[in-house]
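Look through the structure first, then read the points below.

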Amino acid sequence: MTTRHASVSAGIKLAYAAPAFALAVVGIPVYVYIPKFYTDTVGIDIALLGALLLSVRIFDAITDPLLGRLSDHTRTRFGRRRPYIAVGSVLVALSMLMLFNPPRGGQLMASLWFAVGIYALFLFWTAVTVPYESLGPEITFNYDERNTLFALRDGALIAGTLVAAASPALVRWLFGIPEGPSGERSVYFWISVVYAPLVIGSCLWCFYAVRENTVHTRPAGKGAFWRDLRATAGNRPFMILLMAYTIAAVGNNLPATLILYYVEYVLLSGHAELFLLIYFVTGIAFLPAWIGIARRMGKKRAWLASMAINTGAFVGVFFLGPGDAAIYGVLVALSGIGFGATLALPSSIQADVIDYDELLTCQRREGQYVGLWNIAKKLAAAVGVGAGLAILGWAGYQPNVEQSAGVVFTLKVLYAGVPSLFNLIAFAIALAYPIDG
């Protein structure tokens, strides 16, 4: 058990960060690779797939706050959060095995399989990630040490995303898997076989190593949900943070969803995995520097600076075309300098606004705040995946053929133009955030 002023050992920090590395498999593979796998290999219509992904994020908008509130009011001898992390990890692993291994059959069977698999995966992923992220603000209450804790967690997330992004190419190389539909199915089979036990093992390590503080919350009586929601809406720093983060997340999820399409059909390059590697490695490499910057100039200023760098470099991507892969790589690297901080610093700032809520209400309600925070993240991803792919389909996208000028222009707008605009709006809103130190 930790106390409000106790230091946190490196072992506990590592145990807390470990699940983020494994759970990153629900990032790049699910948002980037799985949509293209199901459209181009399994045979699902791209507009239908986009609609399914959008609908599952709306479903998440219901489950996230419910799971957060449920974990806030859970009482077991293992704590409020850890039982969900342990049990949920097994269900996440089983759902992933299903989604990554669709049966051979017609489009109707493939669509039903994808729908059931994606809904199950995100339901159980929510059951793990909301309590897991809610555990973080309880581990330390030190303003600056939170930067280190969440940088380690989000650094593990970036590293896990990097490994997950490289996993298809790595699996092909290790097992000598050929190109083609059968080869693609083999690739995702081996990815699921490796990641399923990794998810379970890392979550069990966190379960056994990290202890929770004993906290007290008001009983969830009649009208308590709406009372607590009103109190949350009255937390002005949180609402500003949430608005800025949500708008920025919409902008950031569009490129994550469309990078494979952009690199192949706009740049006419086959090296999307290399560009992802550059982006994530740069983000990890500069993350320690951003922690030092935040310690000296404050979290808010450091966050704003990282947003400016991340977005400013990316604007130029809109103007690229065939043969500009080298220039694109440079812009990706420059944008990646700010990437890590745009993840870690908002997480640390979020912990501070939860402390502010405790000052206002005399309660610890990490689950409710993380649940609302995750709605923002997942709805942003829904817009990126659902709307992005749907608009691309309406523009006339056809898999595995040369795209029309209209499709190429649409890709440029969705991949670079819209994200840059959204991040500028988020920057302007974040200027009003009042807590800094």
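**Helix H6 and its surroundings**

Helix H6 covers residues 145-175, a run of 31 residues. From its first C-alpha to its last it reaches 43 Å, close to the 45 Å expected at 1.5 Å a residue. The model is predicted, and the mean pLDDT of the protein is 85.

**Along H6**
- H6 has a kink of about 50 degrees at Ser 167, shortly before the proline Pro 168.
- After H6 comes Gly 176, which has a positive phi, near 60 degrees.

**Packing of H1 on H6**
- Helix H1 (residues 10-23) packs against H6 with the axes 7 Å apart and an angle of about 35 degrees between them.
- The crossing of H1 and H6 is right-handed.
- From H1, the residues in contact include Leu 14, Ala 17 and Phe 21; those they meet in H6 include Leu 149, Ala 156 and Val 163.
- Sorted by type, the residues of this contact are 12 nonpolar, two polar and three charged.

**Confidence**
- In the protein, 95% of residues reach a pLDDT of 70 or more.
- Helix H4 (residues 82-99) has the highest mean pLDDT among the elements, 94.
- Helix H8 (residues 224-233) has the lowest, 70.
- Where pLDDT is low, predicted coordinates should not be read in detail.

Definitions and conventions
Residues are numbered from 1 along each chain as its sequence is written. This is a predicted model: local features need pLDDT of at least 70, side-chain atom pairs count only at pLDDT 80 or more; totals for chains, interfaces and linings use all residues. Side-chain values use heavy atoms; hydrogens and water are left out. Helices (H or I, at least four residues) and strands (E, at least two) are DSSP runs, numbered from the N terminus. The expected span of a helix is 1.5 Å times one less than its number of residues. The bend at a residue is the angle between axes fitted to the seven residues ending there and the seven starting there. pLDDT is the predictor's confidence in each residue, from 0 to 100. Axes are lines fitted to C-alpha atoms, for helices over the stretch in contact, and angles run from 0 to 180 degrees between N-to-C directions. A crossing is left-handed if the near helix is turned anticlockwise from the far one by less than a right angle, and right-handed if clockwise. Contact means heavy atoms within 4.5 Å. Ala, Val, Leu, Ile, Met, Phe, Trp, Tyr, Cys and Pro count as nonpolar, Asp, Glu, Lys and Arg as charged, and the others, Gly among them, as polar.
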